[in-house]
Amino acid sequence: MPRRPLIAVLGCPNTGKSTVFNRLTGLRQRTGNYPGVTVEKITGVARLGKHEVELVDLPGTYSLAADGPESGITLDVVLGMAEGIPRPDALLLVADATNLRRSLYLFSQTRELGLPVAVALNMQDVAKRQGETLDAQALAGQLLAPVAPMTANRGKGIQGLRSILQRLLAGSAAPAAAIMPEVREEAAKMRTNLGTPAPEIPCLERAIIDTGGEFERRLLESGGQKAREVLETTRGRLHRQAGRESLQSREARRRYGQVDEWLAGIGVPGRAAGPARTGWVERMVSHPVTGPIVFLAVMSAVFQAVFAWATPLMDAISTFFEDAGALALATLPAGALSSLLIDGLWSGVGAVVVFVPQIVFLFALVLFLEDCGYMARASFLMDRLLRICGLSGQSFIPLLSGFACAVPAIMATRVVGDRRARLATIVAIPLMTCSARLPVYALLISGFVPPAYYLNGWINLHGLILLGLYLLGIAGGAASAFLTRRIALRGAGASFFMEMPPFRWPNARVLALKLTAKVRVFLTRAGTVIAAACVMIWALGYFPRSDLIANDFANRRADLAVLAEEPADMQTRLRRLNAEERAAQLEYSLLGRVGKTIEPVFRPLGWDWRVSASVVAGFPAREVVIGVMGTVYALGSESEDSVGLRERLQASRWPDGRPVFTLAMALGLLVFYAFALQCVSTVAVIGRETNSWRWAAGAWIYMSGFAWLAGMLTYQVAA
């Protein structure tokens with residue numbers, strides 16, 4: 001069966017590229033990753049007349065200068081060098097009618113690749129409101145390429161675009177004359193010297209022009225010392241021809257000169273073209289005084305939504321899983337199978353699904369702020385502060401997302417172009433206080449920190465400690481990024497270039513499509529890992545079973561049936577015996593043995609084997625530790641509530657009668673959890689997003705080591 005024709009959709013960020021793609025494909029799209037990299041691949045099917053075509057939505061980029069993995073992928077796809085994707089039959093470039101000069105710079109590079117190109121001239125409504133009238137036919141005559149005027153967020157012009165794409169696929173295109181012919185000649189010579197395939201000549205051009213770019217890195221990795229020598233010789237020869245002007249400056253000057261000629265041909269002053277400001281709103285959000293105030297207000301609203309508004313939905317989901325689990329447990333016969341299904345698999349799935357409301361609120365608000373244009377302003381406001389840590393404003397949104405969940409936050413670092421800054425951001429995110437830490441914080445603070453009030457009750461000690469833990473996480477993340485950039489990832493600070501998009505009202509349908517795709521990715525990638533890990537922890541805590549313990553408690557239950565006088569008292573004591581049997585079996589299990597084995601390691605922190613076992617079991621997800629503590633401390637499911645657990649922890653004793661959970665020990669445990677990387681899905685995502693398990697293992701080792709040291713010092717000082 002012949003394959004469908006393939007059209008690649010590309011464009012600058014904030015041009016409405018994804019909106020055009022979604023209008024053409026609707027819900028018939030798939031999300032994945034390009035092989036070997038972590039750049040998201042979005043493909044879909046569009047109907048053009050009686051035929052269907054495949055569309056691939058390429059990452060937004062300002063030019064084909066490969067300054068990061070996303071622009072590198074764009075060039076790979078259009079050249080047919082991306083694994084698993086054939087070379088496109090045509091290209092669709094989405095241009096912003098309010099900032100046409102920037103989009104036409106990318107078009108001037110794209111037209112040299114030898115593929116038919118069409119231009120979707122988007123945001124016509126905004127251009128008209130700004131008093132700009134663009135003649136699409138005249139522009140098509142200048143570009144020698146079809147142009148479709150449209151307003152994608154309202155669906156206007158989509159049918160015209162479909163017709164243009166139909167005609168585009170039926171035709172052919174010859175490559176336009178190169179704007180940098182001397183570089184193309186040198187790239188051809190390099191191909192002869194290095195033996196690279198002919199289609200890679202545009203990549204060699206980018207390697208020559210873009211010092212420190214993606215294709216220079218690839219060339220040096222594959223060609224070694226010979227490639228380095230040939231590249232330096234080639235650049236030297238071109239620099240001698242150009243005098244003092246850099247190759248990047250020469251390319252920009254020539255391409256913008258060509259773009260200005262095109263715009264002049266349709267009566268538009270090229271250098272004056274640009275996005276219009278949005279009056280008082282723009283002045284307020286960008287002002288050095290009011291800007292930070294607006295930023296704090298917006299971020300407070302986001303946190304309120306993530307941490308408060310999602311609570312009723314989370315409680316409802318949690319109640320559903322608990323009630324369904326209890327019903328299934330009462331229905332299924334007792335034994336390993338029912339325990340696996342309920343305690344292992346069902347609890348593992350519930351541990352993931354319960355956080356979906358927070359993820360939905362976070363993604364929805366962040367996507368809204370991004371699409372309306374505010375996040376670009378917020379990133380610039382934070383850029384100066386983040387540069388102290390060796391990061392840039394691009395790291396702001398991923399770090400902010402880390403306060404809800406580190407998994408999608410680490411995935412969001414794909415927007416950070418500089419590789420060193422991206423890796424440093426990934427390492428810093430797990431130290432942000434995610435929502436999974438809150439159950440542990442709430443349990444320990446309310447159970448072991450004495451209540452105290454200040455300023456006539458307006459401020460309480462519990463709230464101050466919780467705030468301090470959040471600030472401790474922020475400080476730890478900043479220090480982690482700073483040290484990572486100074487020790488492991490030395491190099492110049494990342495440049496931060498972002499064009500300010502105009503403020504616009506986001507399209508609800510497009511937001512819904514993006515939100516659905518992101519939540520689906522979270523559930524499939526993070527959920528499966530956590531569910532599998534919880535099943536593994538269940539197996540460690542369930543096997544092996546001791547017949548001696550089972551027989552002993554069977555005899556004790558039989559004695560209880562004979563001696564008990566009141567039925568209610570008998571039921572209470574029977575539940576307590578059942579809970580004690582589970583605790584005894586857990587101590588006998590592999591998990592209990594591991595806890596006893598590692599107890600000497602954590603003894604300096606004031607932990608006994610039960611706390612150690614709980615921490616080991618909490619590695620899949622931090623919130624798991626609460627349920628594990630309930631089992632370890634002989635609390636049955638009938639009474640497994642936070643108050644009962646606090647009382648049991650307060651009553652736990654060492655063999656000599658000393659309490660295990662003192663204020664000093666609880667403070668040390670809080671500090672430990674503030675720094676420890678107790679989340680297997682976060683470790684897995686770090687490995688996947690860095691394409692290296694060394695980064696994942698290194699992050700886990702250093703964070704666990706630092707958490708142990710900080711917890712130990714806190715306990716020893718406070719004791």
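**Cores and packing**

Guide: In this predicted model, the largest nonpolar core has 83 residues, of which Y374, F396, W607, F661, F672 and Y673 touch the most other members. Such a core is a set of buried Ala, Val, Leu, Ile, Met, Phe, Trp, Tyr and Cys residues joined through side-chain atoms within 4.5 Å; buried means under 20% relative accessible area, with a 1.4 Å probe and protein chains only.

Visitor: Which helix gives the largest share of this core?

Guide: Helix α29 (residues 663–675) does, with ten residues. Helices are DSSP runs of H or I, at least four residues, and strands are runs of E, at least two, numbered from the N terminus.

Visitor: What lies apart from that core?

Guide: Another core, of 60 residues, lies apart from it, and includes V119, L139, A145 and W262.

Visitor: Changing topic, at what angle do α19 and α30 pack?

Guide: Helix α19 (residues 419–428) and helix α30 (residues 680–690) pack at about 175°, with axes 11 Å apart; the axes are lines fitted to C-alpha atoms over the stretch in contact, and angles run from 0 to 180 degrees between N-to-C directions. That makes α19 roughly antiparallel to α30, a term for angles over 145 degrees.

Visitor: Which residues make the contact?

Guide: R422, L423 and I426 of α19 meet I686, E689 and T690 of α30, where contact means heavy atoms within 4.5 Å.

Visitor: And how many helices and strands are in the chain?

Guide: The chain has 31 helices and nine strands. Of its 719 residues, 52% count as buried.

Visitor: What conventions apply?

Guide: Residues are numbered from 1 along each chain as its sequence is written, and side-chain values use heavy atoms, leaving out hydrogens and water. Local features need pLDDT of at least 70 and side-chain atom pairs count only at pLDDT 80 or more, while totals for chains, interfaces and linings use all residues.

How values were computed. Parallel < 35°, antiparallel > 145°, perpendicular 65-115°, else oblique. Buried < 20%, exposed > 50% of the residue type's maximum accessible area, 1.4 Å probe, protein only.
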